[in-house]
Amino acid sequence: MEEVDKILIHALKQVGTDLSEETDSVKQFSSELIVEAVVRCIRVIDPALGNALPTLLPHGMSARFRVGMSLAQACQDIGYKGEIGYQTFLYSSEPEIRSLLMFLVEKLPRERFEASDQPSGKSAVLQRAIAAAIKAQLAVPWLPPNCRLPKYCETQSLLASHSFHVQPLSLPHCTKDPDKKHLKEVKDYQRNVLSPVTAQLSSRTSVVSSILEQHTAELSAAQEWDSEWNSQGLLSRLTPQEYRSRKLTRLRKRIEEQLRSAALPSAESACGVPASASDLSELLHAFRGSAPSDHVLTKSTHFTHTQKFTFTQEAAAVTHSIPTGHQLEGDVQLRQQEELAALQEQFQQLCTDVEHLSADMKLMSVTNAQVLDELKQRELANVQNEEKMQVKKKTIDLLPDADGNLLQLQALVEASTKRVVNLASQWEKHRAPLIDEHRRLKEICSSQDMESSRKLSEIKSLHDKIRVSTEEAKKKEETYKQLLTELENLNQDVSRSAYTQRILEIVSNIKKQKEEITKILSDTKELQKEINNLTGKLDRTFAVTDELVFKDAKKDESVRKSYKYLAALHENCNHLIQTIEDTGTILREIRDLEEQIEAENGNKTVANLERILDDYKAIRQENSALAAKVREG
Amino acid sequence: MAVLLSRLPHSDCLNLCHRVVDGLCGREPPRWADYSSTWSLQEWLELLSSLTTLFRLAVQSSNSDEEVLALLSDVGSSHAKAVLSVLRSRQEEICHALLDRTNSISSATLQDFEWQLKLALSSDKISSLHSPLLSLSLDVRDNGALQPVTMELSREELSKLINALEAANKVVLQLK
C-alpha cells in the first residue's frame, strides 16, 4: 500500500495540490485535503466541470454537505463506479478514499506527461528558458539603487542598457600582407607601443561591441570570399592571387569609366557652373576648386592633374606655414592677412588660368592628333606611289628588246611555276604529319580539358559534401546538447524508473506467489484424494468387519458384545470427524468476522458516528437560527 | 614644424606620432592637456594638422623613404626617422582609414547602427497585443555631421526594409 500511496501523492502534487512533505500515506489525509485533491484532479480531467467546484471546504455544515454532494455527483459524472456520497468526503474511510483517488489519478490525461517527455525543438527550449528568466526577474522586488545587491544591478539599473557603439581597433593579426608582417618597424610597434584591445578604446562600454563588430566583419569577409571562390574562382582556373588581381583591375576599369562619364559634362561646362546632375559630379566639381585634400582618388587622367596640383600646393603650404619667430603680433597679423588675400587672389587667378590653359591644351592636342593622322596617311600614299613608279620604270626599260625579254619572262614564269609545284608537293609532304600532330595535340588538349572540368566538378561536389556534413555535424551536436539538457531536467523525475522497477519486482513476486498457490492447490488435491481413499478403505473395511462380526454375533454372546462396541466405535468416530469439520468451519467464520471487525475499525465508525452526531447538531442549530431569522424577518 | 617637434625627446615623439595615427584611424587623438607645457595651443593645432597631413600624403602617394625624409628635412634626423618608422609600421592602418573615407564619399553614409527588440504586451486600445517591435537607430553621417535616425518597425515593416536592403546589396554585388 505504501507504494500506491507514494504514487498517488506524487501525482496529486503534480496536479497542484498543496501537500506537505510529511504526508506519505492516504491515512493522513484530512477532509479538507481530500476535497482539494479531488477538485484539482477533476479540474485537470474536465476543466468545465471542475471550475465550478471550490477547493476549500466552507465552514457552515450545510454548505459542507452541499459541497460533498456536488463532488460525489461530479465523480459519478466522470465515471466512478464505486459507492460514493457526501459521506465519502466528510467522514472518510481510508480504502474508499484510496480507491477514489486511484480512479481519479488513472483518469488524469496522459498527454501532459508525454508532452514534457518529447524532445521539444530548440526554440521551445529557448523560449522556456527566457520565460523562466523573465519570471525570476519579475519576482525580484524593486529596490532603491543604494540597497541593491550586485547581482540585481544588472537587471534593474538603467546603466545596463548601453548603446552599441563601435570604434575601430588595431589588431596585429589584421596585417594581411605577408611581406610586411616581418618588417622591423611593424614588429617594434606591435611589441612596444600597441596597447591591448581593452585599453585601446576610450570608453569601456564599447569594448565588447567593437570586438564583436570586428569579428563579424572579418568572418563575413572570409565567408564571402569563400563562397565566391567556390562559385566563380574555381571555374576561372586561376590561382587566388591571379583571380584577385584580375578582379581588381576589372573593378578599377569600371570605376574609371563611371568617373569619366560623370566628369565629362562638368569638364565641358568649364568655369565651375554647378552641375545639376548627380551627386557624384557635384562632388567631382568640389575637387576642382579648393578641394579637400583628404580623399584617395582613383586614377583618371583629368583628376590626377588637379589632384597633384592641389596636393602639392597644400603640402608646400604645410611645410612653409611654420612660424619662424616671435614678432609684433598685430603687425604680423595684418601683414599675414594682406598676404593671404593677395595670395588667394593670385591663387584664384592661377586656377582660372590653369583651367583656360587646360581647355586650350585639350583643343590643341586634338588638332595635333588630327594633323599627325593626316601626315601619316599622306606618307603612306607617297610610299605606294613611289613603288608604282618604279615598276613602270622597269617595264619602260625592258620595252626595246620586247620579244627576247618576253621569252625570258616566259621561261622564268615556267621555272617559277615548276618551283611552285615542287614546293607545293614538298609542303604537302610536310603538312600531312604536321596536321596529324596538330590533331593529336588537339585531342590531348580536349581530353585534358575534360579531365580538368571533371576534377573541378568533383572538387565542387566535395565542397558541397563538406558543407553538408559540417552542417549535419553542427545539427547533431545541437540536438545532443539539447538532449543533454533535457536529460538533466528529467533526472529530477527519478520516481518513474523506480516505479517501473518496483512494478517489475511486484510482478515477479506475484508470479512466485502464483506458483506457490498452485503448489498448495495440488497438495490440497492430493490430500483430498488420500482422504477419499482412506474413507473408501475405512468404509469397506467397516462393511467387511461388520458382516463378519454380525455373522459371528448370532452364535456367540461375547462376539455380540464386541459387535455392539464396534458399532459404538464407528458412530463415535463419525461424531469425532464431524466435530473436527465443524471446528474448521467455525474457525474460518471467526477469521471472517475478525476481518470484518478490522474493516469496520478502519472505517472509524465510532468517531465518524460522533462526528455525524455533532454535525447533525450543528445543522439543527443552523436550521433553528435560520428559522429564528425568518420569524424575525 | 621642425622647431615644434624638436622640443620633444625622441621616445615621446614616437608615442605622439602613434597617437596622431590613432586619431587618424578613428580612435582617440592625443590631447593638448598632456603636452601643454611644451607647446601653446596654436602651435599644438598646427603641429597636429601638419603631422596628420604628412601621414595622409605620404600614404596616399606611397612616397619612398627618401621623399618622406625630404619632407621632414627641417626636423632633426632622429625625429625624422621616428616619424618615418611610425609611418612604415602603421601604413596599412592609415591606408585602411583613407579607404574608408573614400568609401563614404557620397553625401550621406551609415556610420553605425543599433537595434533593440521589444515585445509590446498591450496598448491603450487592446489589452493583450503580443506583437514584437524593433526599434532601429541609425547614425547617419550627413555632410560631416552625425545625425541619428530612429524608427520603430513592426514585423511586416522590418521585412520590407530588409527586402529593400537586400535588393540594394544585389545591385552592389552585380557591380562587382
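Begin with chain B as a whole: of its 176 residues, 20% count as buried (20 or more other C-beta atoms within 10 Å of a residue's own, with C-beta atoms placed from the backbone; exposed is 12 or fewer, partly exposed in between). A note before you click on: this is a predicted model, where local features need pLDDT of at least 70, side-chain atom pairs count only at pLDDT 80 or more, and totals for chains, interfaces and linings use all residues. Residues are numbered from 1 along each chain as its sequence is written, while chains are lettered from A and ligands numbered from 1 in the order in which they are written.

Now colour chain B by secondary structure. You'll find seven helices and three strands (DSSP runs, numbered from the N terminus: H or I of at least four residues for helices, E of at least two for strands). Reading from the N terminus, the order is α-α-α-α-α-α-β-β-β-α.

Next, select residues 131–142 and 145–153 of chain B. These are strands S2 and S3, antiparallel partners over nine bridges (pairing takes at least two DSSP bridges). Click B:Arg141 and you'll see its bridge partner in S3(B), B:Leu146. Two residues sit between the strands of this hairpin, and B:Asn143 has a positive phi near 50 degrees.

Last stop: helix H12 of chain A, residues 206–236. Its 31 residues should span 45 Å at 1.5 Å a residue, and the end C-alpha atoms are 43 Å apart, which agrees (the expected span is 1.5 Å times one less than the number of residues).
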